[in-house]
Amino acid sequence: MDAAEFRRRGKEMVDFVADYQENIEHRRVYPDVEPGYLRSMIPSEAPLEPESYEDVLRDVDRVIMPGAANPACSELETVMLDWLGKMLQLPEDFLSETQGQGGGVIQGTASEATLMALLSARLKTVKCVQESDPQRSEADIISKLIAYTSEEAHSSVEKASIIGGVVIRMVPTDEHFSVRAETLEKMVAEDKATGYIPFFFCATLGTTPCCAFDKIDELGPICNAENIWMHIDAAYAGCAFICPEFRPLLNGVEFADSFSINPNKFLLVGFDCSAMWVKKSADLTRAFQMDPEYLKHEHQGSGWCNHLHQPYSTHKIHWGIPMARRFRSLKLWFVFRMYGLRGLQAFIRKHVELAKTFENLVRGDNNFEICAEVVMGLVCFRLKGSDELNKALLKQITRTGKIYLVPCKLRGRFVLRFVVCGRTTELRHIQEAWKHITELSSELLQNLFDHEGKEN
Ligand code: PLP
């Protein structure tokens with residue numbers, strides 16, 4: 001959708017809302033659909049090819065309006081998470097349609113998904129320890145719990161451990177910045193020997209600094225054997241697993257208890273939208289289930305509840321922190337249908353290709369070096385030389401305001417990160433960005449050369 005169409009559609013949407021308000025008196029205040037009504041009204045998979053905006057909007061009237069805010073909100077969310085799960089080729093255990101124990105939910109952010117996973121794992125472990133040792137207090141068990149994540153993991157994992165009041169240890173990575181089974185296994189054994197209870201491991205697929213991938217296919221069996229909840233944070237890179245060529249990086253997800261990706265990072269969905277799947281939804285809902293009088297209703301357990309005379313979804317209330325929930329699944333529905341799976345794959349492939357182009361430009365310049373393998377849309381690079389030189393380059397880049405780079409540290413070295421992330425980024429933007437970077441770096445190197453010349 002270009003700007004002109006967006007303008008037109010936006011105005012039409014205002015009319016849609018105004019019509020709704022004008023006619024609201026003629027509508028029921030409580031929907032008269034049966035729980036589960038929505039799934040049979042839409043396909044069970046995302047379309048391969050794009051559909052028109054008109055088609056989607058027509059379906060809003062046909063499918064969503066009879067279910068009002070809820071149960072339509074929670075039912076569409078459940079089905080969209082199945083669509084996305086199938087696009088990612090997740091094991092059936094994670095899907096709702098199989099009527100198993102798993103399913104998906106939309107959290108606001110990846111940080112919340114990790115926190116939910118950690119808190120659920122905490123409760124599960126406390127209950128498990130108390131089963132074999134009923135005298136042991138919850139406080140005593142929690143004080144002995146220990147979580148693990150990569151030294152390269154996003155800071156939100158450590159934050160989750162702070163909120164959850166548990167100790168966390170950072171696991172060292174190999175030469176590819178990946179956590180390996182042997183390292184985790186050794187740490188778990190050490191901690192068990194000193195009385196700790198290992199209970200949670202957050203693996204990362206696509207680390208924030210350099211988009212590295214933990215070896216979940218070898219880490220998963222260890223977590224399963226040790227009763228450690230494995231959560232996979234694939235906030236950015238996970239979106240690319242809808243392309244078959246990237247899907248092998250997700251091999252091992254079958255060992256995970258929970259998994260999350262952010263469609264708002266790399267799948268054209270507006271912020272906020274973090275998709276989270278769990279293999280046993282009861283692990284999550286048991287941790288957060290509350291049962292006050294005002295949430296009781298005739299469809300108890302079916303996905304509905306009656307709160308202040310408005311239908312809400314009990315189903316999703318117990319899957320996270322908030323009770324009232326935004327209708328985020330509409331964003332997924334619109335994006336999946338208007339791009340189609342093939343359109344989304346093409347978008348991801350284009351970004352990866354543009355990143356490869358940038359990588360080649362860097363490799364072709366002897367003043368620069370690439371600092372980590374380029375797998376998706378992120379290129380870690382630096383000027384050969386000191387951290388100070390690279391910091392000076394970044395300062396100049398930021399000062400001129402044409403492009404914006406967020407740095408990181410890799411093995412103690414200051415590194416620049418170039419990420420392709422715009423919806424409308426084209427080859428010329430990459431070429432212009434590189435030209436800009438090399439012009440600034442040439443000035444910088446020349447000044448350094450002149451300065452050193454004077455000193456000598
Ligand atoms: N996990 C990873 C791997 C990330 O790269 C990021 C953000 O860049 C996050 C988590 C945090 O995401 P959110 O802002 O959705 O909490």
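The model described here is a predicted one.

E12 is joined to E13 (residues 413–419) by three bridges, and the two strands run antiparallel. Within this pair, Leu410 stands opposite Arg413 of E13.

The domain assignment of the protein chain gives domain 1 as residues 101–287 and domain 2 as residues 341–455. The C-alpha centres of domain 1 and domain 2 are 31 Å apart. Contact between them takes 25 residues from domain 1 and 21 residues from domain 2.

Strand E7 (residues 274–278) is mostly covered, with five of its five residues buried. In a regular strand the side chains alternate between the two faces of the sheet. In E7, Ser274, Met276 and Val278 point one way. Ala275 and Trp277 point the other way. Residues of both sets are buried. E7 pairs with strand E1 (residues 103–107) through five bridges, and this pair runs antiparallel. Gly103 stands opposite Val278 of E7. Strand E6 (residues 258–261) also pairs with E7 in the antiparallel sense, over four bridges. Here Ser258 is the residue that stands opposite Val278.

Ser156, Val157, Ala160, Ser161 and Gly164 are buried. Seen down the axis of H6, these buried residues fall within an arc of 150 degrees, so they line one face of the helix. Their packing partners are helix H4 (110–132) and strands E2 (145–150), E3 (167–171) and E4 (197–204). The face of H6 turned away from the buried side carries Ser155, Lys159, Ile162 and Ile163, which are exposed. After H6 comes Gly165, whose phi is positive, near 65 degrees.

One annotated position was also examined. An unreviewed UniProt entry carries the annotation "modified residue: N6-(pyridoxal phosphate)lysine" at Lys265. In the model, Lys265 is placed in helix H9 (residues 263–266). Is Lys265 buried, exposed or partly exposed? The relative accessible area of Lys265 is 43%. Buried means under 20% and exposed means over 50%, so a value in between counts as partly exposed. Lys265 is therefore partly exposed. Leaving aside neighbours within four places in sequence, Lys265 is in contact with Ala235 and Tyr236.

Conventions: Residues numbered from 1 in each chain as written. Predicted model: local features only at pLDDT ≥ 70, side-chain atom pairs only at ≥ 80, totals over all residues. Heavy atoms only, no water. Buried < 20%, exposed > 50% of the residue type's maximum accessible area, 1.4 Å probe, protein only. Arc of directions from axis to C-beta. Contact = heavy atoms within 4.5 Å. UniProt positions renumbered as here; feature names shortened; annotations may be inferred. Pairing = 2+ DSSP bridges. Domains from an automatic or database assignment.
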